[in-house]
Amino acid sequence: MFHNFSHVRSDERHIMNIAQKATCVSLILSVMIGGAAVHAQVPPATTVPPAVLGQWVTKNHKGVFEITRCDDHLCGKLVGLNYSDDIPRDQTGRSECGLPMLRDFVPDPDQPDRWNGSILDPNTNHVYQARMWVNQSGQLKLRGYLGIPMFGQTQTWLPYRGHIGPNCKMST
């Protein structure tokens with residue numbers, strides 16, 4: 001009279017196991033789909049204020065830097081030079097034209113209008129920490145420093161509106 005229900009319990013465990021897996025897959029899919037919807041609505045953290053991008057002439061008007069997006073950060077290279085004889089060269093003998101000198105600038109987590117990265121000094125080949133931002137007057141402020149910003153120097157660059165000719169030669 002006793003029926004062997006052990007196979008039922010085994011079947012129930014199998015069904016419960018399948019149900020748990022289905023629930024887990026469903027949860028993962030809903031998170032992925034929901035995450036994609038949230039991601040599509042939130043602008044990327046590396047949104048660049050248009051004022052930072054572009055060409056900037058240095059304080060002594062001897063160089064023009066172009067600041068652009070480079071993947072998930074900002075970078076800048078020397079695109080214009082004010083020279084009369086031979087094109088200026090860095091310490092290793094490379095032409096300074098096109099030299100990437102502003103590197104890996106990312107938004108400052110505490111001040112979203114400021115960017116932290118590094119700057120190369122082509123005369124010494126040293127790389128310094130740097131911070132840049134655009135002030136209310138539309139001037140680019142670039143502060144190079146060692147260790148902490150308090151021990152540094154700030155330069156003011158202006159938007160460049162001139163022409164750059166062959167070999168990075170700036171119009172005079």
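**Exercise 1. Determine whether C75 is buried or exposed, and identify its disulfide partner.**

Solution. The relative accessibility of C75 is 17%, so this residue counts as buried (buried means under 20% relative accessible area, exposed over 50%, partly exposed in between, with a 1.4 Å probe and protein chains only). The partner of C75 is C70, and their sulfur atoms lie 1.7 Å apart. That separation is to be read against the criterion for a disulfide, a pair of cysteine sulfur atoms within 2.5 Å.

The model is predicted: local features need pLDDT of at least 70, side-chain atom pairs count only at pLDDT 80 or more, and totals for chains, interfaces and linings use all residues. Residues are numbered from 1 along each chain as its sequence is written, and side-chain values use heavy atoms, with hydrogens and water left out.

**Exercise 2. State how many disulfides the whole structure holds, and describe the link of C97 and C168.**

Solution. In the one that joins C97 to C168, the S to S distance is 1.7 Å. The link is right-handed, with 60° about the S-S bond. C97 lies in the loop between strand 3 (73–81) and strand 4 (100–107), and C168 in the segment after strand 8 (152–159), so the pair ties together parts that are 71 residues apart in sequence. Strands here are DSSP runs (E, at least two residues), numbered from the N terminus. With a relative accessible area of 29%, C97 is partly exposed, whereas C168, at 7%, is buried. When the bonded cysteines of the protein chain are numbered in sequence order, the pairing is 1-2, 3-4.

**Exercise 3. Find the salt bridges and locate the residues that form them.**

Solution. The whole structure contains two salt bridges (a side-chain nitrogen of Lys or Arg within 4 Å of a carboxyl oxygen of Asp or Glu). One is formed by the side chains of D90 and R94, at 2.8 Å from N to O. D90 is buried at 8% relative accessibility, while R94 is partly exposed at 42%.

A salt bridge also links the side chains of D108 and R131, at 3.3 Å from N to O. D108 lies in the loop between strand 4 and strand 5 and R131 in strand 6 (residues 126–134), so this pair ties together parts that are 23 residues apart in sequence. D108 is buried, with a relative accessible area of 7%, and R131 also counts as buried, at 18% relative accessibility.

Notes:
Helix = DSSP H or I, 4+ residues; strand = E, 2+ residues; numbered from the N terminus.
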